[in-house]
Amino acid sequence: MVLFALLRLLPGDPANALLGVGATDAQIAAARAQVGSDQPLLVQFTDFVGKLARFDLGTSFVSNTPVLPEIGNRLSVTLPLTIFGFLLAIVIAVPLGIVSAVKVRTWYGATISVVSQLGIAIPVFWLGILLVTAFAVNLHIFPSGGFPLQGWADFGQAATSLVLPVVTIALVIAASLLRYVRSATQDVIGSDYLRTARALGSGYVAALLRHGLRNGAVPVISILGIELATSFLGAVVIEKVYALPGLGSMLLLAISQRDYPDVQGVLFVSTLLVLLIGFAADLVQRLIDPRLRGQVHTA
Amino acid sequence: MTALAETAVAPARRGSWTLWAGIVLVGIHVLVALLTLVWTPYDPTALVGHRLEGPSLLHWAGTDRLGRDFFTAIMIGSRIALIVGIGAVAIGAAIGVTLGVLAAFATRLLDDALAAAFDILIAFPTLLIAMLVVAATEASLGSSILALGIALSAVIARLTRIVAKRVLTLDFITAARTAGASWPSIVIEHILPNIWPTLAVNFALQFGIAVIAEASLSYLGLGAPPPNSSWGYLLQAAQGTVYTAPIAAFAPGIALVSLVIGVNLLADGLRDIADPTRRGVV
C-alpha cells in the first residue's frame, strides 16, 4: 500500500510519458484509458491489489511487454551478481575479521582494521570506477561493462562480464561485514566459557573454533541477512557502473519513464525477496542457537 | 590477566588519535567549504582552460570536458557535501528522535506498531528510499536532502526508542513521576540529556552515510543539477572520460572518502569519550 501511494505521488501522468510532446488531447485521453490512469484512485488501487494476489504484475506502460518475464530476465543478471558477491565477501571477511580480532596488536591485525575503515567510507560506484580503470582500461583483462545480448547462452562472455561487478560488491560488503565479525570475535575472546575451556586444557585455536564459532555466529548472521538484502537492492549502483541489464537498472529506467507497472513489479519482487532473506536468517539463527527456539521473535 | 590490562589501556590511546584525526579531516573540509563562500580559484562556471587539461600549476586538478577548473568544482563539492550531511541528519534527527521518544512512551500496541514500521523501513537501503522520494519530487539539492533525511529517520528512531526505553526503566524516572512531573518535562529534563551522547555518535555515522548516499544519487543522475552538483556528479561525468582524463575519476573520490573517514573517526573518538567501557564495538 505504501508502494502504491508513493508511486501515485510521482508527478506527471504516465500517459504523457508514453506519447510525444505533440500529442493531441484525444490521443492523451486514449492513452490514459489504456493505462487506466483516468480511473478513480480507489479503483486503481483495488485493481492493483487484486492482480498482485494472482502474481499478475501487468504490462509495462512504455514497452508494452509483461512485467513478470522481464523481471525474470533481469534477475538472471542480478541474482548471480549479488549471490556470488555475497559469498565472496563472506570468504574474505570471516577469516580476516577473526584474525584481526585475535591479533589486535600485530601489524597485520591493525592493517586489516585500517583497510576495513577505508572500505566502509568508499562509495560503491567509485570503487567500481577505480576497478574499471585498473583492470579494464589499463590491463585489458576484463570488459569495462555491458552484458552479452544472448544472456547466459553465451556463458563465457556472461561470466567474464560479471567478474568485476562481483568483486566490487564483495569488497564493499566485506569491509562492513569484517567489522561485525571482528567485534563478535572480540566478545567471544572476552567470554568466561572460553577461559573455562582454556583452563580445562583446550588449545587456544581449538577452543575458539569449538566454542567460539557457534556463539559468535549468531549476531553475525542477522547482519548477514541485512547485508544480503541491502546488496540486492543496492545493485542499482553497480549495474549502472558496469552497464548491466539487471533489476536495478530496470528500476532506474522505470522511475525516469514513470512506468508504474515496472516500478511496482520490481519493488514487489524485491520486497518479497528481502522478506524471504530476513526469514531465512531468522531460521538459521534458531538452528545455531537453541536459546532462540520457542521464543517469540522480537527484533 | 596481562591481556586484560592491556585492552583496558589501549582504547584510551586509540580514542584520542581517532578523535584528532577526525577533527583534522573534517576541519579541512569545513575550512574549504567556508572558503568557497568568499573565494574560489576560478569562477566555477567560467571556461578558463582547454578541455580535459591535465593537472598543472594553473589548474591543480586539471579541467573538465568543457574547460572549467576542476579543483574549483571539488572545493565546492565540500560545501555541498557538508550541507547535505548536516541537512539530512537534522531532518532525520527531528523526525527520528520525535518518533523514537513517542514509541518509548506509547502504549504497548502503538509501540509495537512503530517498532515494526521502523524495522520494515530499515530493511530497505537508504539509497532506494531516497531514489523513490526524489523521483516523487524533482531532482534538486533540497529534495535530495529531504529524501535522505526521511530515509535516515527510521534508523535514528529505532535507536532513540531503544535507548530511551532503557533510561525509562531507571529509578530517577520513577522518582520524577512520583514527584508529579509531566511527561514532556521528563523527556526534556531526564530522557534527552541521558540519550544524547549515544545519539550524537550515531548522528556522526549517519552524516557519512548521507554523504555517500547523496553522491550515489547524483551518480545515478537523480541528484542536484549544476551548479549545486556534488562529488557524485563529478565522478559520473568523469567515468565517461576516464581514458583521457583519469585524474578526474580520482580527485573527487579522494575528497569524498576523506570526509567520510573523517566523520567516522570523529564518531569513534566521541564514542570512546562518551562510553569508555565500549571498545571496538560497531
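Two residues are in contact when they have heavy atoms within 4.5 Å of each other. The structure described here is a predicted model, in which local features need pLDDT of at least 70, side-chain atom pairs count only at pLDDT 80 or more, and totals for chains, interfaces and linings use all residues. Residues are numbered from 1 along each chain as its sequence is written, chains are lettered from A and ligands numbered from 1 in the order in which they are written, and side-chain values use heavy atoms, with hydrogens and water left out.

By this contact criterion, and not counting residues up to four places away in sequence, B:Met131 touches residues of both chains: A:Val236, A:Leu251, A:Leu252 and A:Ile255, together with B:Leu217, B:Leu220 and B:Leu222. B:Met131 belongs to the largest nonpolar core, a set of 131 residues in which A:Phe125 and B:Met131 touch the most other members. A nonpolar core is defined as a set of buried Ala, Val, Leu, Ile, Met, Phe, Trp, Tyr and Cys residues joined through side-chain atoms within 4.5 Å; buried means under 20% relative accessible area, exposed over 50%, and partly exposed in between (1.4 Å probe, protein chains only). Helix H7 of chain B (residues 183-219) gives the most to this core, namely 14 residues. Apart from it lies another core of 5 residues, among them A:Val188, A:Leu194, A:Ala207 and A:Leu208.

Chain B contains 9 helices and 0 strands. Helices (H or I, at least four residues) and strands (E, at least two) are DSSP runs numbered from the N terminus. Of the 282 residues in chain B, 48% count as buried. Among contacts in this chain between residues at least 6 apart in sequence, 69% join residues at least 24 apart. The chain exposes about 13000 Å², of which carbon and sulfur atoms supply 71%; accessible areas come from the Shrake-Rupley method with a 1.4 Å probe, and for residues only the protein chains shown count as cover.

Between them, chain A and chain B bury about 3600 Å², with 75% of it on carbon and sulfur atoms. Buried area is the accessible area (1.4 Å probe) that two parts lose on being put together, summed over both. In chain A, the residues losing the most area to chain B are A:Phe125, A:Trp126 and A:Ile129, together 16% of what that side buries. The contact takes 39 residues from chain A and 41 residues from chain B. Across this interface the rule finds 0 salt bridges, a salt bridge being a side-chain nitrogen of Lys or Arg within 4 Å of a carboxyl oxygen of Asp or Glu. The largest share of the side of chain A that touches chain B, 6 residues, comes from H7(A).

Individual positions were also examined. B:Gly22 is placed in helix H1 of chain B (residues 2-38) and counts as buried because its relative accessibility is 0%. Leaving out residues up to four places away in sequence, B:Gly22 touches B:Gly27, B:Gly262, B:Leu265 and B:Leu266. A:Thr82 lies in helix H5 of chain A (residues 67-102) and, at 1% relative accessibility, counts as buried. Its neighbours within four places aside, A:Thr82 is in contact with A:Ile169, A:Ser231, A:Phe232 and A:Ala235. A:Ala243 is found in the loop between H11 and H12 of chain A; phi of A:Ala243 is near 50°, a positive value in a residue other than glycine. Most residues other than glycine have a negative phi.
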